[in-house]
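Q: I have not looked at this one before. Can you take me through it, starting with the core?

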Amino acid sequence: PEIEEFERVVANYVGVKYGVSFNSGTSALHAALLAYEIKQGDEVIVPSFTFIATANAPLFVGAKPVFADIEDSTFGLDPNDVERKITRRTKAIMPIHYGGLPCRIKELRKIAQEYNLLLIEDAAESLGASVDGRKVGSFGDAAMFSFCGNKVITTGEGGIIVTNSSEIYERLKLIRSHGRLESEPYFMSTKTLDYIMLGYNWRISSITAALGLAQMKKLDRIIEMRRKNAEYITSKLSKIDEVKVPQPPEGYFHVYQMYTIRVKGGREVRDALKDHLAKKGIMSKVYFEPVHLTHFYREKFGFKGGELPVTERLSSEVLTLPLYPTMTIEEMDYIIESIKEFFQNKRA
């Protein structure tokens, strides 16, 4: 019962009809592509500026991930480049909403509709984000949210697919639970339930779902706290010439699952700042290095670098700083002063 309630609560929050939970966001993406029957010979347009699961998911079902470039304002897929990458084999566009900031999802939806393509939102990092008041996850045919440890709310590990399609909803339930047709709860029934297709063991536990329900009650408050902290950090860091702070486009509601700055001067300066912060006991991290330049994708598809110029440039500038709801002013000031110190020393 906790699992079904959790799914209902998340779907209602996003503004769609159905939710099906999974043991991870990656399993959820895999299941979505299976449910939509993406297969060998199909192409799925994805960003390279993402966690690797976004690009891997098409490979899980035998399809080919086709990388499109991103744009500066949201770090999301560039609709113009997406349109250039569409071929007769393209079956879906799978954008991400980076770090709590929506991508240009309205334009991508228009393209998907024009070319009769599926739009599957990888909204792993952006539960609660919105464009003009409409929640991400409600624009596409389906969307995935993740609940792993570093997300705005967490169940430890877990994910969910939300959709308005009753057919996809029923298929996802079969896929995540061994292909078993569950006319009633398996562990609360004396009946023998039939297996009608090949499925996987991708369920979450009742304990995980109960944790998720408790977290959902706090979600809006958590987002409010994160946004307040982000606003404070932005007001201070915006005075440092060498740093570019997040600037969401008009009407875009950012939930700041990650607080990512851009460091002018590129990789060398950015990496030096990261090392400086580490010495001061401040954890920062690069989200993300381009997927197409990882060893596996270079080997499999022959990428050399230069294929996605905006992705490669932004990846050399981004640095994600600590941000969490209960951060104190003193902690934020320590980070800000440490960054100031780095650039003052550099100028000296």
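**Cores, a helix pair and some backbone details**

A: This is a predicted model. The largest nonpolar core has 35 residues, and those touching the most other members are Leu237, Tyr259, Ile261, Leu273, Leu321, Ile339 and Phe343.

Q: Which elements give two or more residues to this core?
A: They are α7 (206-237), β12 (259-263), α8 (267-279), β13 (318-321) and α11 (329-347). The largest share comes from α11, with six residues.

Q: What does Leu237 touch, leaving out residues up to four places away in sequence?
A: Leu237 touches Val243, Val245, Tyr259, Ile261, Leu321, Ile336 and Ile339. Another core lies apart from this one; it has 34 residues, including Val20, Ile120, Ile161 and Tyr169.

Q: Helices next. How do α2 and α3 cross?
A: The axes of α2 (residues 25-35) and α3 (residues 52-60) come within 9 Å, and the crossing angle is roughly 40°. The two helices are therefore oblique to each other. Their crossing is right-handed.

Q: Which residues meet there?
A: From α2 there are Thr26, Leu29, His30 and Leu33, and they meet Ala53, Thr54, Ala57, Pro58 and Phe60 in α3. By type, the residues of this contact are six nonpolar, three polar and no charged.

Q: Which residues of α3 are buried?
A: Ala53, Thr54, Ala55, Asn56, Ala57 and Pro58 are buried in α3. The buried residues of this helix pack against α2, β2 (43-47), β3 (64-68), β5 (118-122) and α9 (295-301).

Q: And what follows α3?
A: Gly62 does, and its phi is positive, near 85°.

Q: Where do residues other than glycine have a positive phi?
A: Phe75 is one of them, with phi near 65°. Phe75 sits in the loop between β3 and α4 (79-85). Another is Asp132, whose phi is near 50°. The loop between β6 (130-131) and β7 (134-135) holds Asp132.

Q: Is Phe75 buried or exposed?
A: Phe75 counts as buried because its relative accessibility is 9%, and the cut-off for buried is under 20%.

Q: And Asp132, buried or exposed?
A: Asp132 is exposed, at a relative accessible area of 52%.

Q: Last topic, peptide bonds. Which one is cis?
A: The bond from Tyr287 to Phe288 is cis, with omega near 10°. Phe288 is in the loop between α8 and α9.

Q: Why point these out?
A: Because most residues other than glycine have a negative phi, and most peptide bonds are trans.

Definitions and conventions
Residues numbered from 1 in each chain as written. Predicted model: local features only at pLDDT ≥ 70, side-chain atom pairs only at ≥ 80, totals over all residues. Heavy atoms only, no water. Core = buried A, V, L, I, M, F, W, Y, C linked by side-chain atoms within 4.5 Å. Buried < 20%, exposed > 50% of the residue type's maximum accessible area, 1.4 Å probe, protein only. Helix = DSSP H or I, 4+ residues; strand = E, 2+ residues; numbered from the N terminus. Contact = heavy atoms within 4.5 Å. Axes fitted to C-alpha atoms, helices over the stretch in contact; angles between N-to-C directions. Parallel < 35°, antiparallel > 145°, perpendicular 65-115°, else oblique. Left-handed = near helix turned anticlockwise from the far one by under 90°. Nonpolar A, V, L, I, M, F, W, Y, C, P; charged D, E, K, R; others polar.
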